[in-house]
Structure formats: structure tokens, C-alpha cells
Amino acid sequence: MSRSAHPAGPRHADVLPEGHYSGPAADLNALDPKVWAQTVTRDADANGVVTVGGIDVKTLAERHGTPAYVLDEADFRERARAWRTAFGPDADVFYAGKAFLSRAVVRWLHEEGLNLDVCSGGELATALSAGMPADRIAFHGNNKSVSEITRAIEAGVGRIVLDSFQEIVRVAHVAQSLGKRQPVQIRITVGVEAHTHEFIATAHEDQKFGIPLAGGQAAEAVRRALQLDGLELIGIHSHIGSQIFDMSGFEVAAHRVVGLLKDIRDEHGVELPEIDLGGGLGIAYTSDDDPREPHDIAKALTEIVTRECDSARLRTPRISVEPGRAIVGPTAFTLYEVGTIKPLDGLRTYVSVDGGMSDNIRTALYDAEYSVALVSRRSDAEPMLARVVGKHCESGDIVVKDAFLPGDLAPGDLIAVPATGAYCRSMASNYNHVLRPPVVAVKDGESRVIVRRETEEDLLRLDVG
Ligand code: LLP
């Protein structure tokens, strides 16, 4: 996932393979701005507590408990705005709600001029209930139910992204029965191997999403969609995967999507007005990752599409993109309280926190790498090689696989794992009946719970047996 192999840091002679962790000793009190939310700082005084949005983490822990996802609202808004500004008025930015969605987030996106990509009835309901105009919503998914499709069309969503031949018919049928003509895009798979984890690569052919370009299937899907009265085909969609740093996959995708637009023009005399290049831009989970800035990405994508269209003598379509992780990922960290500390001689020290794989499944699922820091105080103690683990009944319950933490770490200390804004709360579970943490937004010295902590009553309310 993250490209970083191991944390750069001081050597731990007893434990580490020779030559493995070379380089200068990292200052464990330093907070790399690449991986921490923008307003995070460590107080310069002797105690060195970390603050975010003008509030220190000890106060946040007292007020809201731990574990908690702490989200820097100013940072979120700024990243959303940066994407919006980078793409300008002739393109659309759809925030991918699957990364993290709540009503507050929907309102911020609306205020910052972004659109929203939803992929389930639940996400659609959240978006609509927070006042996102339906025409700014795109509805995705490889297996949308008829009732989800009906709700989306009734609400008037701006586009439905069709994912299969069956869905072309299904959506056309529902639209027609509601007396509507639904704007749609067709999601194609362009046959690109994105350089990312297998589970989150989506444009190669052997997976469940989209309609393959290969073998003329995408062209056939376009033929069918153009014939159906219930559908208004507005464009072609491609999403190649997630946590990608290398732009070359997007380049190939754009080339192939534009190739299809050209074939459509040649066969049907129609120039489709839109293309969507999906999301997937990577973020820094550790200091070794170097993500690109939105304006670089916008410039690169716009240039690729314009160049390809010029050479195909097509009008450049309106471009849209769907960043999720790149907007919300870096804006939050998970605040944990340290519990049991177990040094294993000759191996490492296991540091248990009060959450785990139920609030961050990404380490177990994708071998994701994270960084971690002691945040309730500064420490100049010798570094120790640590593994941060949760409280679940499973040895794979690992939050941070390899990290250095100060050797004087003690139960009751607060540690934080940065870059947990995306795909952590949204993939959280109740495993072992552990309660899902709240999301606390911080800004200008104020903290506000935007998703409250789950309670035992919440658990028992669902258990009706
Ligand atoms: N658009 C479509 C059609 C998608 O399927 C996705 C992500 C996105 C946009 C947003 O991708 P992003 O910019 O956030 O990378 N749970 C995995 C990631 C799964 C991504 C699924 N689709 C993880 O934690 O890494």
C-alpha cells in the first residue's frame, strides 16, 4: 500500500537485521507535515503536548474519550478547495464518499463547491439528508438494487454510472417507468494494471467492475445505451484503482477512453460531452511517500485528455474526477490511549491501544503502513522498536506494524496514528462488540462531535432476538 518499506529511524541493534534501518536517527518528537493534518503542532514548551485545530489532544481525550478519529476541518476544506480550484470551472470534482461520509462532511463539500460520488443507498440517503443537491450526486456501484436505482432516479441524481449490461437495461427500465430520461455514464475497464494493492486495483480485466473495452464490449454497451429512451448517455467513466502515485496509468486510461469516444463519434455521429477519470490519487502514510499536489494532477490530466482529443479531432469533453482519500485521508488522525505494554526480548515491544482492527482494518487487509507518535507529551527517551496492536482477539489485529516509539512509553500515554481520515471510520466494524469511535471535528479552538461514539445501547438495539 504505502510505498514505504520501513520507518526511517534509529537502529535498534538487538533486534534489527543488519543494514535494514540505516539513515539518520529520526527525532521521535517531530511531526512530519506530509502525514499529519495541517494544523497539527507540538507545543514548544517542555511538556510538548500535540494540538490540532487549536486544541490539545489531552483536552480532546478528556472531552470525547479514546479512541477517537480527530478531523481537522480547516484542512479538509482547504484540500477540497484545492482540488476544486485546480480543476477550475470547466471540470467537476466529485468527492468519493466511500472514503468517509457524514452529514457535516456533505455540508462542507457543498459549501466548497464540490460534487459527491455515492455508491450505496446509505451514502445517497446521507447526502440527500444533508442537503447535497441531487443533480450534484453521481451514483456508483457494481450491483445497485432496483430500489436504490429507483430512489436515485426519483431524487434526480445528476448521473448514474452504469457498470454492466444488465444494469443498462435495469436503469433504462426504471427511468422509463418513472417517465424520466436519466443521465448516465458507462464505466469501462481499460485494461491498465495500476501499481497498487491487488484488492484496490480496478482497471485490469479479471475483476468485478465495469465493462471491458477489450473485445468490443464497451462499444456494444454504448450501442445499447444509445438505443434506450430511458437513458441519456453523457459520458464514459474509468477508475483504475486507489493509492496510486504513478500518473502513467491515468495516461493510458485517458488514451483508451478518448479512443472509445472517437469510435463512438465515427460509428454514431455523437460526441459524448463528459469523461470521468475516477479517483485513486495516493497520499503519504509515512514520510517515504511523496504524493502529488492537486494542481499538478489537474494539469497532467487536462493535458493528457486535451492532447488525445486534439489528435482524434474531438472536442475536449468536460472532465470529472473522484478523489476520496486525497481529500480526507490526511485530515484526520486516530487518537488512542496506550494500555498494556509487552516487551518481547530480542523481538520488539507490543504496545496495545484501546481500539484496533475495528477502527482501522487497512493494516490487516492491505498490509498498509502507518506512522505513529506519542502526542500527550514529548519524550527524549531512547527509541524502542514497537508494534502497535489493538484489543481484538486476533493476532493479526495490528494498527502499525513497525514503528519507533519512545522507550519510556507508559500506560495512559496518548499516541496518534496519522492519515486515518480515509477508509478507517468508513470501514470500521463492531468486531468483538467493540464500539466504533466518534469522529470529532476540530477548528479554531473548538471541537465538535460529527459522528458520535457507538454505545452498548446501539449494539443492543439491533439485537432483537
Ligand atoms: N471512484 C470510484 C469509482 C471508486 O471506486 C473509488 C474508490 C474512488 C473514486 C475513490 O478512490 P480514492 O481517491 O479514495 O482512492 N478501501 C480501500 C480503498 C478502496 C477504494 C474503492 N474505490 C483502502 O482503504 O485503501
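Between which domains does the ligand lie, and why?

1. The ligand lies between domain 1 (13-71 + 330-462) and domain 2 (140-323), because both give residues to the shell around the ligand; the bounds come from an automatic or database domain assignment. This is a predicted model, in which local features need pLDDT of at least 70 and side-chain atom pairs count only at pLDDT 80 or more, while totals for chains, interfaces and linings use all residues. Residues are numbered from 1 along each chain as its sequence is written, and side-chain values use heavy atoms, with hydrogens and water left out.

2. Around the ligand there are 20 residues, of which Ser242, Glu322, Arg362, Tyr366 and Tyr423 come nearest (a residue is near if one of its heavy atoms lies within 4 Å of the molecule). Among the polar contacts (pairs of N or O atoms within 3.5 Å), a side-chain N or O atom of Glu322 is 2.7 Å from a nitrogen atom of the ligand, and a backbone N or O atom of Arg325 lies 2.8 Å from a ligand oxygen.

3. The structure holds 29 salt bridges, each defined as a side-chain nitrogen of Lys or Arg within 4 Å of a carboxyl oxygen of Asp or Glu. One of them pairs Asp75 with Arg79, whose closest N and O atoms are 2.9 Å apart; both residues lie in helix α2 (residues 73-87), 4 residues apart, and both are buried (under 20% relative accessible area, with a 1.4 Å probe and protein chains only).

4. A further salt bridge joins Arg307 and Glu251 at 3.0 Å, N to O. Because Arg307 lies in helix α9 (residues 294-312) and Glu251 in helix α8 (residues 248-268), the pair ties together parts that are 56 residues apart in sequence.

Terms used
Polar contact = N/O pair within 3.5 Å; in protein donor to acceptor, adjacent residues only side chain to side chain. Helix = DSSP H or I, 4+ residues; strand = E, 2+ residues; numbered from the N terminus. Buried < 20%, exposed > 50% of the residue type's maximum accessible area, 1.4 Å probe, protein only.
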